[in-house]
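Thanks for coming. Please have a look at the chain on the screen, and then I will go through one part of it and a few residues around it.

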Amino acid sequence: MGIDIIVLLIHLLVIAVIDYKQHIIPDQLILSMVVFKLICSLFLNTMSDLLISIGYALLITIPLLLLTLWMEKKTGKMQLGGGDIKLAFGISLYFSPLDTLLILFIGSVIQLMSLKYFKATMLPLAPALFISAIVVILL
């Protein structure tokens with residue numbers, strides 16, 4: 001596990017706690033997570049690796065954004081907040097496309113199970129994504 005993953009997990013932990021308590025994901029934390037990964041990529045990888053990583057991140061998060069907008073239009077409720085989508089982009093910079101999709105899937109399952117267990121109508125997604133990132137790292 002590299003320093004970039006350790007820094008990612010620290011960011012995700014802080015974001016998860018804030019999202020759990022305040023139902024908001026601060027843009028500054030996502031920005032610092034993204035900037036740190038970009039700096040690491042510039043020193044550890046080639047420019048083409050960085051561009052590929054950004055491309056994959058966009059390929060995952062743009063459809064997620066479009067699906068969220070479509071679901072909001074259909075149901076009249078916001079299913080994912082903008083912070084959740086930006087967080088998915090930040091996470092996808094650190095993982096392969098398959099691992100990112102696995103993190104989002106596991107996080108969604110954790111979210112659904114939590115909603116059922118706590119009988120709540122809304123729970124923050126960031127804590128579920130933090131847990132699912134740890135699971136994928138350990139796999």
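Helix 4 covers residues 82–94, which is 13 residues. Helices here are DSSP runs of H or I with at least four residues, numbered from the N terminus. At 1.5 Å a residue, helix 4 should span 18 Å, and its end C-alpha atoms are 19 Å apart, which agrees. The expected span is 1.5 Å times one less than the number of residues.

Before I go on: this is a predicted model, where local features need pLDDT of at least 70 and side-chain atom pairs count only at pLDDT 80 or more, while totals for chains, interfaces and linings use all residues. Residues are numbered from 1 along each chain as its sequence is written, and side-chain values use heavy atoms, with hydrogens and water left out.

Is helix 4 enclosed or open? Ten of its 13 residues are buried, so helix 4 is largely enclosed by the rest of the structure. Buried means under 20% relative accessible area, exposed means over 50%, and partly exposed is in between, with a 1.4 Å probe and protein chains only. Among the buried residues are Gly-83, Asp-84, Ile-85 and Tyr-94. The buried residues of helix 4 pack against helix 1, helix 2, helix 3, helix 5 and helix 6.

Take Tyr-94, in helix 4. At 8% relative accessibility, Tyr-94 counts as buried. Leaving out residues up to four places away in sequence, Tyr-94 touches Asp-4, Ile-5, Leu-8, Met-33, Phe-36 and Lys-37; contact means heavy atoms within 4.5 Å. Tyr-94 and Leu-38 are 56 residues apart in sequence, and their C-alpha atoms are 9.8 Å apart in space.

Next, helix 3, where Ser-53 lies. Ser-53 counts as buried, at 16% relative accessibility. Its side chain reaches the backbone oxygen of Leu-93 at 3.3 Å, and Leu-93 is one of the buried residues of helix 4.

Leu-51 is also placed in helix 3, but Leu-51 is exposed, with a relative accessible area of 54%. Leu-51 is part of a nonpolar surface patch of about 870 Å², together with Leu-31, Val-35, Ile-39, Leu-42, Phe-43, Leu-44 and Met-47. Helix 2 and helix 3 are the elements that give two or more residues to this patch. Which helix gives the most? Helix 2 does, with six residues. A patch like this joins nonpolar side chains (Val, Leu, Ile, Met, Phe, Trp, Tyr) within 5 Å, from residues with over 30% relative accessible area and no salt bridge. A salt bridge is a side-chain nitrogen of Lys or Arg within 4 Å of a carboxyl oxygen of Asp or Glu. Accessible areas come from the Shrake-Rupley method with a 1.4 Å probe.

How values were computed:
Polar contact = N/O pair within 3.5 Å; in protein donor to acceptor, adjacent residues only side chain to side chain. Patch = residues over 30% accessible without salt bridge, like charges linked within 9 Å, V, L, I, M, F, W, Y side chains within 5 Å.
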